[in-house]
Amino acid sequence: MRKTVYWMEGDGIGSEIWRAARPVWDAAVHRAYNGQRSLEWVELLAGEKAVAATGNPLPQETLDALSRAEVAIKGPLGTPVGGGFRSLNVTLRQTFDLYACIRPVRWFKGVSAPVRHPERVNMVIFRENTEDVYAGIEYAAGTPEARRLGGLLRDELGAGVPEGAALGIKPMTEHGSKRLVRRAVRYALDHGLPSVTLVHKGNIMKYTEGAFRAWGYEAAAEFGDAVVLEKDADNCAGKVVIKDRIADAMFQEALLHPEQYSVLASPNLNGDYLSDALAAQVGGLGMAPGVNMSDSLALFEATHGTAPRAAGKDIANPGSLLLSGALMLEHLGWSEAARLVEQALGSVIADKTVTPDLAVDMPGAHAVSCSEFGRLLTRKVSGMDM
């Protein structure tokens, strides 16, 4: 069996983490299936590499290939702050309706973390990916559009919008909210997880975030007896408990009682904050995988940025990309290979031979380069150093 995987190298440290991670995945597939399965890698241009070759950060050839793809994976893509082209990540998500950003967060023993019990954090965040602030509807202060919209809000709708304000709009729909929550509940059921928690700011934004909560409960109710509301959860073993939490309270819960939460479903901005905050609790984004999914395409990615100050120094941590590849293997149904990748990473960390970012707070650790870290992982996953 041979699966085609489209890949985009990414900017900054992208080339370095790719060279470290890809041999690990290939070795895991070869070992798990005795050479009977393999991955066919097809590169697509995006970001700085695409600009250099074509003048376009997201060439039509890349878009055409992704429109036919089942699976793709990418390194970090840079976006200028305050100007230049719009975020390529957002463009990809909206172009291909990658409505679910899914980020599993768990701790690997030995990784330094800022909390006392990082082992209690084991959550999967489902973040809506196409609405809310990611819809990108905003108008700069003083522009004709902002003045016109501000006038409409003040004069016709009675809103207290100051003159000269910059304005943004966060659309949230029943369709977008329900399909995300359905996916989160289905994931919990498929993986035997105990709960799905809707995270929102509905106490303040009643008709957007509050609607997300209401639509989320309606979507969960479609699963019938397989789910139960939190207030009715006593003596309902085996069912997925549906909870909801105000966003700011959820941040406190994530620190105080993380073991009580398994799957979180939220609008875009809340999910963005939560994903990074939870990753910090287990050691940082360098160990946080992610995938953006539509109903036909799964685009896996390193969840961190391009790290330009580390680029070219062979010191980057490929963990996020590596674990995203493990997620990809699991998505393909190749769970045996995915487990080999995760086990190899855990073993190398236990040996305390890690990249500098992990070594700095790990007593007795030996810092190795990104490329050497990749070679150690490949040997582990191949069974040559277990």
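Buried here means under 20% relative accessible area, exposed means over 50%, and partly exposed lies in between (1.4 Å probe, protein chains only). Helices (H or I, at least four residues) and strands (E, at least two) are DSSP runs, numbered from the N terminus. Welcome to a predicted model, in which local features need pLDDT of at least 70, side-chain atom pairs count only at pLDDT 80 or more, and totals for chains, interfaces and linings use all residues. Residues are numbered from 1 along each chain as its sequence is written, and side-chain values use heavy atoms, leaving out hydrogens and water.

- In helix α3 (residues 60-68), the buried residues are T62, L63, A65 and L66.
- These four sit on the same side of α3 because they cover an arc of only 165° around the axis, taken from the directions from the helix axis to the C-beta atoms.
- As a reminder, an α-helix has 3.6 residues a turn, so residues three or four places apart point the same way.
- Turned away from that buried side, the other face of α3 carries exposed E61, S67 and R68.
- The cover over the buried residues of α3 includes β1 (2-8), β3 (71-74) and α4 (88-95), with contact meaning heavy atoms within 4.5 Å.

- Most residues other than glycine have a negative phi.
- N34, not a glycine, has a positive phi near 50°, and lies in the loop between α1 (14-32) and β2 (38-43).
- N34 counts as exposed because its relative accessibility is 66%.
- D97 is also not a glycine, and its phi is positive at about 50°; this residue belongs to the loop between α4 and β4 (100-106).
- With 33% relative accessibility, D97 counts as partly exposed.
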